[in-house]
Amino acid sequence: YSFCTLLTPFINYKMSTPEELAKKREEVEKAVAAARAAQQQAEDKDAMKKYYGTHFGMTCDGCNCKPMQGFRWHCTQCANHDLCNNCYESFKSGTLLHKNKVNTVSPRLEDHKFEREASEGFKPFVKQDDAGPKVSKKVKPNEPCPCGSTKKYKKCCGDPSKKN
């Protein structure tokens, strides 16, 4: 190949201006933000099924409510530290409520990392829809055949002599 042959694809190449690049970058950032929002929405929906409900046997260390209703937030850094959803929201805004005198934990916000968790006595508020495939009702021999013929099932599709 000659040098001119190699450069031919680049001769008509137009360099993008900074404004065009900024516009393209903005379009890509919008698409990424939309994808992240959709992913977060799917995760939140999944979390509602797994973690949102009544946590029997659990006490919030922030407000002493028992049983905990809604989400249970468990600290992964502490041995036994749980917050209800309301106390977790105040934790996110910079205030760590702690009224439980039995369980002593660090008052420093940076010492805690909370994750949603379900307790052993958990009862979900949101109905679980993954009960498995629906089983159709078994056709009885004297019922009309589901294929649409006017025959009884035992004389049509349910006849063992007509099977392969």
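Glu115 and Lys113 form a salt bridge, with their closest N and O atoms 3.4 Å apart. Glu115 is partly exposed, at 38% relative accessible area. Lys113 is partly exposed too, at 44%. Elsewhere, salt bridges that share partners join Arg72, Asp82 and Glu117 into one network. The model is predicted.

The structure holds five salt bridges. The table lists three, including the one above.

| Salt bridge | Closest N to O distance |
|---|---|
| Glu115 and Lys113 | 3.4 Å |
| Asp82 and Arg72 | 3.1 Å |

Take Asp82 and Arg72, which pair in a salt bridge. Asp82 sits in strand β4 and Arg72 in strand β3, so the pair ties together parts 10 residues apart in sequence. Both Asp82 and Arg72 are buried.

Residues three or four places apart point the same way, because an α-helix has 3.6 residues a turn. Lys92 is exposed, at 52% relative accessible area, while Glu89 is partly exposed, at 39%.

Now to the rest of helix α3. Which of its residues are buried? They are Cys87, Tyr88, Ser90 and Phe91. Seen down the helix axis, these residues fall within an arc of 160 degrees, so they line one face of α3. Asn86 and Lys92 are exposed on the other side. The cover over the buried residues includes β3, β4 and β5.

Ser90 has a relative accessible area of 17%. A polar atom of its side chain lies 2.8 Å from the backbone oxygen of Cys87. Beyond its neighbours within four places in sequence, Ser90 contacts Thr95 and Leu97.

Technical notes:
Residues numbered from 1 in each chain as written. Predicted model: local features only at pLDDT ≥ 70, side-chain atom pairs only at ≥ 80, totals over all residues. Heavy atoms only, no water. Buried < 20%, exposed > 50% of the residue type's maximum accessible area, 1.4 Å probe, protein only. Helix = DSSP H or I, 4+ residues; strand = E, 2+ residues; numbered from the N terminus. Arc of directions from axis to C-beta. Contact = heavy atoms within 4.5 Å. Polar contact = N/O pair within 3.5 Å; in protein donor to acceptor, adjacent residues only side chain to side chain. Salt bridge = Lys/Arg side-chain N within 4 Å of Asp/Glu carboxyl O.
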